[in-house]
Amino acid sequence: MATRPSSSPARLSAAALLALAGLSCGVPARILESNVARLFASPLPVPDKVRAPYRPEARLAALWVGHATVLVQIDDRWILTDPVFTSTVGLMVKRLVEPGLAPEDLPPIDAVLISHMHLDHLSLGSLSLIEPKVRAPLVPRGGLVYVPNHSFASFEVPTWTTWRQGDLEITAVPVRHSGYRYGLDRDWMTESFTGYVVEYHGITVYFGGDTAYDRDDFVKTRARFPAIDLALLPIAPVGPREFMESKHVDPAEAVQAFLDLGARRMMAIHFDTFINSTDTFGEAPRELRRVMAARGLGPDRVILPRHGEQRILITRGEPGGAAAASAPAPRGE
Ligand SMILES: [Zn+2]
Ligand SMILES: [Zn+2]
């Protein structure tokens, strides 16, 4: 086991580190007693990592690398969301579980989706690490200034506009989130938060980045994209709720967002990878399972992945899009 008990001085050091780190979503500096031991431990290993992610039998597959990083295959195209492969974010916020895919095993990525500039979503170290694999990073309005010169060209995609490359179409969609990257940018970083909808060959994937619950955003997105095959939705950080609820959905709100979007399936992301809350390890997935049971949603509709797990969601010969529209409605929708 990679964890070991922490001493009292270690707890104080952790509190100091977290305060200094100024965690990207602006978490108040408070002692995270339940997670402190993990701050001083090695990241948990991910056994049996996928080495060759291409699935010839898949039309749609998704591999959860960890946090908001998901590798999506749609037929012959590759999308990577908010890539973070570093062992820390912002130098001091430590990774709890190692990345579920080695960066050297990434295929060439057609589009990297950057949802916003928080340190746990835009990782410049990670972008440099995977630079040879990256063709086009997309960023929200006001995001280009945060992506310094690389060999690839980056593209700013304001809300409700679409970036196209051949048959691949990616549209920025609204989410509700706030915060800053460096502190000084708090006042002007008001629009640089987005979700994305990816469309290719009749398959549609939603990526929520970080978002609070705002029914209006999800309903508007559903009106424009009525047949989402897969919604990648955060389920944490949950606590302290009074601070988080204006910035982050909890598991129940994530499930409601999934239903508002009318998506065929949801994959839960953004949990148990970095310490950015008072949540204990495993708390958000436990709550998600409880919500799923209460709302009559089985694992065929809501996927709770392990780090490094790859799921094939649509196989060859199966249609995308149209099938989503006929997905059965759960109780309480
Ligand atoms: Zn954020
Ligand atoms: Zn985040």
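**Figure 1. Helix H7 in the predicted model.** In this predicted model, helix H7 comprises residues 283-294. Its 12 residues reach 17 Å from the first C-alpha to the last, close to the 16 Å expected at 1.5 Å a residue. Ala284, Leu288 and Met292 are the buried residues of H7. Seen down the axis of H7, these buried residues fall within an arc of 80°, so they line one face of the helix. An α-helix has 3.6 residues a turn, so residues three or four places apart point the same way. On the other side of H7, the exposed residues are Arg286, Arg290, Ala293 and Ala294. The buried residues of H7 pack against helix H6 (251-261), strand E14 (265-269) and strand E15 (302-303). Just after H7, Gly296 takes a positive phi of about 70°.

Figure 2. Helix H6 is mostly covered, with nine of its 11 residues buried. Among them are Pro251, Glu253 and Asp260, together with Ala254, Val255, Ala257, Phe258, Leu259 and Leu261. Just after H6, Gly262 has a positive phi of about 65°.

**Figure 3. The nonpolar cores.** The largest nonpolar core has 74 residues. Within this core, the residues with the most contacts are Leu230, Ala231, Leu233, Phe258 and Ala268. Strand E1 contributes the largest share of the core, seven residues. A second, separate core of nine residues includes Phe85, Val89, Leu96 and Leu119. In soluble globular proteins, nonpolar side chains tend to be buried together. Leaving aside neighbours within four places in sequence, Ala231 is in contact with Tyr206, Gly208, Phe258, Leu261, Ala263 and Met266. Over the protein chain of 333 residues, 47% count as buried.

**Figure 4. The seven-stranded sheet.** An open sheet is formed by seven strands in the order E8-E7-E6-E3-E2-E1-E16, with mixed pairing. Its edge strands are E8 and strand E16 (310-315), each of which pairs on one side only. Strand E1 (residues 58-66) and strand E2 (residues 69-74) pair in the antiparallel sense over six bridges. Ala61 stands opposite Gln73 in E2. The secondary structure of the whole protein chain comes to eight helices and 16 strands. Among contacts in the chain between residues at least 6 apart in sequence, 75% join residues at least 24 apart.

**Figure 5. Trp160 and its contacts.** Trp160 lies in the loop between strand E8 (155-156) and strand E9 (162-165). With 13 other C-beta atoms within 10 Å, Trp160 is partly exposed. Not counting residues up to four places away in sequence, Trp160 touches Thr171 and Ala172. The C-alpha atoms of Trp160 and Ile170 are separated by 9.7 Å, and these two residues are 10 residues apart along the chain.

Figure 6. The peptide bond from Ala236 to Pro237 is cis, with omega near 0°. A cis bond, again with omega near 0°, leads from Gly239 to Pro240. Pro237 is found in the loop between E13 and helix H5 (241-244), and Pro240 is found in the loop between E13 and H5 as well. Most residues other than glycine have a negative phi, and most peptide bonds are trans.

Figure 7. Asp48 has a positive phi of about 55° although it is not a glycine. This residue is found in the loop between helix H2 (36-39) and E1. Asp48 counts as exposed because it has 8 C-beta neighbours inside 10 Å. Asp75, likewise not a glycine, has a positive phi of about 50°. The place of Asp75 is in the loop between E2 and strand E3 (77-81). Asp75 has 16 other C-beta atoms within 10 Å, so it is partly exposed.

Technical notes. Residues numbered from 1 in each chain as written. Chains lettered and ligands numbered in written order. Helix = DSSP H or I, 4+ residues; strand = E, 2+ residues; numbered from the N terminus. Expected span 1.5 Å × (residues − 1). Buried ≥ 20, exposed ≤ 12 C-beta atoms within 10 Å, placed from the backbone. Arc of directions from axis to C-beta. Contact = placed C-beta atoms within 7 Å. Pairing = 2+ DSSP bridges. Core = buried A, V, L, I, M, F, W, Y, C linked by C-beta atoms within 7 Å.
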